[in-house]
Amino acid sequence: MKVERELPSREAYDLLELVTDIADKELGPRVAEFEDEARFPRKVFELLGEVGLLTLPFGEDVGGGGQPYTVYLQVLEGIAARWAAVAVGMSVHTLACLPVATFGTEAQQAEFLPRMLSGKLLGAYSLSEAHAGSDPAALRASASESPQGWTARGTKSWVTHGGEADFYTVFLRTSPDTRSGISCFHVDAGTAGLVAGAPERKMGLRSSTTAEMHFEDVVLPGDRLVGTPGQGLPIALAALDAGRLGIAAVAVGIAQAALDYAVGYARDRQTFGRSIIEHQGVGFLLADMAARTEAARATYLVAARRKDSGRPYTRQASVAKLIATDTAMAVTTDAVQVLGGAGYVLDHPVERLMREAKITQSFEGTNQIQRLVISRQLAASAR
C-alpha cells in the first residue's frame with residue numbers, strides 16, 4: 001500500500017523515490033538471508049553512504065545533506081519497511097555522529113565528519129552499561145586524566161555495531177559528581193585495549209551486531225574529548241531525544257510492512273467463497289492496524305516539526321517513541337493473527353517483523369522510561 005506523504009519540496013519526494021527504489025532492489029531481496037545467518041551487512045551501509053543517505057539530517061555547514069528531520073525520519077521509515085536492522089543501524093550511526101557534529105570543535109569536525117557522513121566510517125553509540133541502562137548517571141566505566149590525555153577502563157553493554165564499527169562515541173565517568181561527572185569521547189576502533197565481546201544472540205535484528213565493548217587501559221589523546229569535561233550527560237540526552245525519533249520512525253516502518261503484507265494476504269486468501277478481508281472480523285482488524293500506523297506516523301512528524309523549528313521536543317520525542325513502538329508490537333502481532341497458522345512459519349515475514357518490533361519498545365530508553373519522561377514534564381508544567 002503506497003503511503004501518502006507530506007514533504008516540503010520536490011527534492012524530498014525525489015529522495016523518497018530513490019529510497020524506495022534502493023529498499024526494493026537492494027534491501028528487500030537480502031534481508032531474509034542476512035537475518036537467518038546473523039550476518040552484518042557492511043556493504044549495504046557503504047552503499048547508503050555512497051548515495052548520500054547517511055548525511056541527511058546534518059547541516060550543509062558540516063558536510064551534511066541539510067534535510068529536515070521530517071524528511072530524514074520518513075527515509076528511515078522507508079528503509080525499515082524493507083530491512084529494520086539497516087534502518088536501526090542508520091539511526092545509531094546518526095546518533096554516534098551527532099555529538100561531534102553538534103558539540104565538537106572545528107578541528108574535530110574537519111577531521112572526523114567527512115568520513116563519518118560518507119559511510120567510509122561506521123559509528124556506534126556507547127552509553128549503556130549492564131547496571132546502568134535506564135540510568136546513565138550511574139555509569140561506572142571511567143576515564144582518568146593521564147600524561148597522554150585520558151586512560152579509559154570498564155565495560156559498555158548493548159553496543160549496536162559493537163565489534164563492527166570504525167569509531168565509538170563513548171560516555172565515561174571522569175569525576176564522581178552525579179550531575180557533571182560524565183564526559184563524551186570519540187574512540188577509534190583500532191585503539192589498543194578496546195576489545196569487543198562475543199555478539200549477543202538475539203530474538204530479532206540478528207543482522208545488527210550487538211556486543212559488549214571492554215576498555216582495558218585504553219589511552220585516549222586529549223583531542224578525543226568531545227565537548228568539555230563533565231558535559232557528557234547533556235550531550236547524551238540531547239542525542240537520545242533525536243535517537244528516539246529515529247526508533248519511532250523505524251517502528252512505523254515495521255508496522256507499515258506488517259500491515260501491507262497482511263492486507264495482501266487477506267485479499268488473496270479465501271474462505272467461505274470470498275476473500276477473508278471481506279469478513280468483518282478480519283476487515284475491522286486490518287482497519288485498526290491501519291489507523292494505529294497512521295496515528296503513530298503523525299506523532300513522530302509532530303515531534304520532528306518541533307525539532308526542525310528549534311523548539312523543545314523532549315516530551316514529543318518520548319510520546320512518539322512510546323506510541324510508535326507499542327503500535328509496531330500490536331500491529332505485527334495482529335498481522336500474524338490475520339495469517340493464522342501461516343503467520344507462525346518462516347515462509348512469511350510477519351513473524352520476523354513481530355520479533356523485530358519487540359526490541360523497539362526497549363532501546364533508546366524503555367517505554368516505561370518514556371512514560372517517566374512524559375509524566376515528569378506534565379508535573380513540571382502543572383507547577
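1. Strands here are DSSP runs of E with at least two residues, numbered from the N terminus. The model is predicted. On that basis, D217 belongs to strand 7, which runs over residues 210-221. Its backbone deserves a look. D217 has a positive phi of about 55°, yet it is not a glycine. Most residues other than glycine have a negative phi. D217 is partly exposed, because its relative accessibility is 47%.

2. F272 is not a glycine either, and its phi is positive, about 55°. The setting is a loop. F272 sits between strand 9 (270-271) and strand 10 (274-275). Is the residue buried or exposed? F272 has 79% relative accessibility, so it counts as exposed. The cut-off for that class is over 50%.

3. Helix 1 covers residues 10-27. Its length checks out. The helix has 18 residues, so at 1.5 Å a residue it should span 26 Å. The end C-alpha atoms of helix 1 are 25 Å apart, which agrees.

4. Which residues of helix 1 are buried? They are A12, L15, L16, V19, I22, A23 and L27. These residues cover an arc of only 125° around the axis, so they lie on the same side of helix 1. An α-helix has 3.6 residues a turn, so residues three or four places apart point the same way.

5. The buried residues pack against helix 2 (31-37), helix 3 (42-50) and helix 4 (69-80). On the other side of helix 1, R10, E17 and K25 are exposed.

6. Next, A110. This residue is in helix 6, residues 106-118. A110 counts as exposed, because its relative accessibility is 56%. How far apart are A110 and A130 in space? From C-alpha to C-alpha, they are 34 Å apart. In sequence, 20 residues separate A110 and A130.

7. Helix 9 spans residues 314-339 and has 26 residues. From its first C-alpha to its last, helix 9 reaches 38 Å. That is close to the 38 Å expected at 1.5 Å a residue.

Note on methods
Residues are numbered from 1 along each chain as its sequence is written. This is a predicted model: local features need pLDDT of at least 70, side-chain atom pairs count only at pLDDT 80 or more; totals for chains, interfaces and linings use all residues. Side-chain values use heavy atoms; hydrogens and water are left out. Helices (H or I, at least four residues) and strands (E, at least two) are DSSP runs, numbered from the N terminus. Buried means under 20% relative accessible area, exposed over 50%, partly exposed in between (1.4 Å probe, protein chains only). The expected span of a helix is 1.5 Å times one less than its number of residues. The arc is that of the directions from the helix axis to the C-beta atoms. Contact means heavy atoms within 4.5 Å.
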